[in-house]
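Colleague: I would like to learn how to read a few features of a protein model. Could you take me through them one at a time?

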There are 2 protein chains.
Amino acid sequence: MSIREYVQTVRERDWQQLESGTLRLAVVGLGWWTREQAIPAIEASEFCETTVVVSSTHEKGADVAATTPSVEVALTYDEFVDGDSVDEYDAVYICTPNALHLPYAEAAAEHGKAILCEKPLEATAERAEELVAAAEDVPLMVAYRMQTDPGVRRMRELVADGAIGDPVAVHGHMGQQMLDVVSGDPDQWRLDPDLAGYGATVMDLGIYPLNTARFVLDTDPVSVTAQMRSDDEAFREVPDQHATFTIEFDDGTFAACTASQHAALSGHLRIVGTDGELLLEPTFLGESPQTLTLRMDGRELELDDGRRDVFGDEMTEEFDYFADRVLRGEPISPDGDHALVDMRALAAIYEAAETGSEVSVR
Amino acid sequence: MSIREYVQTVRERDWQQLESGTLRLAVVGLGWWTREQAIPAIEASEFCETTVVVSSTHEKGADVAATTPSVEVALTYDEFVDGDSVDEYDAVYICTPNALHLPYAEAAAEHGKAILCEKPLEATAERAEELVAAAEDVPLMVAYRMQTDPGVRRMRELVADGAIGDPVAVHGHMGQQMLDVVSGDPDQWRLDPDLAGYGATVMDLGIYPLNTARFVLDTDPVSVTAQMRSDDEAFREVPDQHATFTIEFDDGTFAACTASQHAALSGHLRIVGTDGELLLEPTFLGESPQTLTLRMDGRELELDDGRRDVFGDEMTEEFDYFADRVLRGEPISPDGDHALVDMRALAAIYEAAETGSEVSVR
């Protein structure tokens, strides 16, 4: 392949085989992410449309329906669970607080619908296992949007191609000012352990470097160490306003990660190998240009794939990938079992911070 | 100050007060670092000259003397300890294997000479304490070259000035292919615990992000976690061919670090704060241009200070700083007590990896 062809194809869908079709989605949970990112991304997608919205009240759904022409029905959570309007949608996208993923996934599975569930899969590893068991007869994909991000896929190809030799060390970080981003929004549920699970920051942000490193290296975590701290009153119920953790992966690579809900908007993923390094920065938080840098032997190549709406593009890719797999009846990855490894790693990271001990990911 | 003045002054010596004078150095240990970096840096300095070289044999010293006109005497280690030619030098630069710092520092102190000792200060925290005690009556500086690196000093000023708000997270990494760099060289002592101390990699490389973060943040480590691994036969006696560690600092900042003696030449230091971030990259290993990047509110400023011989410049700055303080009789920082904090942190990092427990830095 010529370098000209490479640059031309960096955003091509290496996964797409579907030629036509439409997957009608019931969107469950109408927080800011769903309204401002997911629904517009579905509108921009090739193979998906939002036909049903599900939230706490008909009014909230009606507000969204008013600005989303494809929406035919607004249901309450109870109506959705009861099976109202099941013929109006083919699959569900679950974007509620973590501890509500299980009941709505159970309902979707009972209705025989394919499920795209936000990450982390649930509030605890045990509840996530229940979710995977409940969904065993329907397609289940977990919404790791970085896995359909073209920059991340190019990074993974470069690692597999030996561009940096054997991976040795990973650095990953994700930070934001959560109280600014979600001010006055029900997303404050992230500070409530009953809804969020183990904590507010590694569950919500730390999972990005963890899972993206797994995907890029094609490896799984073996053991972890961690340190966490909450300073501000708003974070009194959770251990991790700020966190750092290390991971040993099963290929021997070490990852050194940080995450913070009280930091400047910031994110990066770096893989250092025996022959070079790869850096994706900024990443995780939709900033552009998301730039992929390859360094080897003192040479450096920087790739800006031209996207300026990175969040939107990532979500559109994710929804079309989900439709491609569901409509063709093909297996989906990242699936429930993939996400369970993260849930066990998250449990281990919080246990490591609490006990001050290295913890195996079982 | 105008931005034009700032760029003009980024490499100015904010520490220099000496106007004239010469500090005559006995250089103890003639490994590749001394021959290829330190002695040329002393030749380029304003206030230092190498008048005595000390090594295992007269022949080795004579080889160096032949290409270094200022050298008047070549001593063996025994002759140096015995006090031969003490009138030919005013101070000593100790660059031997770690476990030999103590005897030569003791000898230098007995001869009443100021000491510039390479880092880590000794092989163990206990031996480092002995060294500091032995040198209590002479000036003792520890050779943290990053602390006189202009880029690092600008980074520290920016943090102190609030450019990134309150520091939240640090990422630091240093990697090299040690067996290539020092092939056939006595520096293989780094693989011998009797000479190197706790290990090969965190002692030699991990100390850079550790100490530079301390200096830039003006903070000290409180507790650490760590994971280490040695794969290759050459590293069988040491635990840390590859390592990762986290540090909680006393200002609450978390650091996530990696170090490897079997990685591509690579190094970076990043400080994420509540309002922005600072990145120094590449750094630690003399690569140029060492670039300092400041990001805040979506704005970005990149500073290349123009140096293309970063190792040489760092060492010249370090030697002239040492002379400035010694010749004026002024206190020196980084001193022995500063270095003891690192030695205790290094001991804690190795203990954390061995025990799988978070360890306090006592």
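Predicted model: local features only at pLDDT ≥ 70, side-chain atom pairs only at ≥ 80, totals over all residues.

Colleague: Let's start with the two chains. How many residues of chain B are in contact with chain A?

Modeller: On the side of chain B there are 47, and they touch 47 residues of chain A. The area buried between chain B and chain A comes to about 3200 Å², and carbon and sulfur atoms give 55% of it.

Colleague: Which three residues supply more than any others of the area that chain B buries against chain A?

Modeller: They are His171(B), Gln227(B) and Phe254(B), which supply 21% of that area.

Colleague: Now helices. At what angle do helix α5 and α6 of chain A pack?

Modeller: For a pair of helices, look at the angle and the spacing of the axes. Helix α5 of chain A, residues 101–110, packs with α6(A) at an angle of about 5°, and the axes are 9 Å apart. Angles under 35 degrees count as roughly parallel, so α5(A) and α6(A) are roughly parallel to each other.

Colleague: Which residues make that contact between α5(A) and α6(A)?

Modeller: From α5(A) come His101(A), Leu102(A), Pro103(A), Ala105(A), Glu106(A) and Ala109(A), while α6(A) brings Arg127(A), Glu130(A), Leu131(A) and Ala134(A). Sorted by class, the contact of α5(A) with α6(A) has 6 nonpolar, 1 polar and 3 charged residues.

Colleague: And in chain B, at what angle do the axes of α7 and α10 cross?

Modeller: Roughly 45°, where helix α7 (residues 150–160) and helix α10 (residues 202–217) of chain B have axes that come within 8 Å. The two helices, α7(B) and α10(B), are therefore oblique to each other. On the α7(B) side the contact uses Val152(B), Arg153(B), Met155(B), Arg156(B) and Val159(B); on the α10(B) side it uses Thr212(B), Phe215(B), Val216(B) and Leu217(B). This contact of α7(B) with α10(B) divides into 6 nonpolar, 1 polar and 2 charged residues.

Colleague: How many disulfides does a search of the whole structure find?

Modeller: The general idea first: a disulfide is a covalent bond between the sulfur atoms of two cysteines. Over all chains, the search finds 0 disulfides.

Colleague: What should I look for in the backbone angles?

Modeller: Most residues other than glycine have a negative phi, and most peptide bonds are trans. Here, the peptide bond from Lys119(A) to Pro120(A) is cis, with omega near -10°. Pro120(A) sits in the loop between β5 (114–117) and α6 (125–134) of chain A. In chain B, a cis peptide bond joins Lys119(B) and Pro120(B), with omega about -10°. Pro120(B) is in the loop between β5 (114–117) and α6 (125–134) of chain B.

Colleague: What is phi for Phe284(A), and is Phe284(A) buried or exposed?

Modeller: Phe284(A) is not a glycine, yet its phi is positive, about 80°. Phe284(A) lies in the loop between β12 (276–281) and β13 (291–296) of chain A and is buried, with a relative accessible area of 1%. Ser85(B) is another residue other than glycine with a positive phi, near 55°. Ser85(B) belongs to the loop between α4 (77–82) and β4 (91–94) of chain B and counts as partly exposed at 28% relative accessibility.

How values were computed
Residues numbered from 1 in each chain as written. Chains lettered and ligands numbered in written order. Heavy atoms only, no water. Axes fitted to C-alpha atoms, helices over the stretch in contact; angles between N-to-C directions. Helix = DSSP H or I, 4+ residues; strand = E, 2+ residues; numbered from the N terminus. Parallel < 35°, antiparallel > 145°, perpendicular 65-115°, else oblique. Contact = heavy atoms within 4.5 Å. Nonpolar A, V, L, I, M, F, W, Y, C, P; charged D, E, K, R; others polar. Disulfide = S-S within 2.5 Å. Buried area = accessible area lost by both parts, 1.4 Å probe. Buried < 20%, exposed > 50% of the residue type's maximum accessible area, 1.4 Å probe, protein only.
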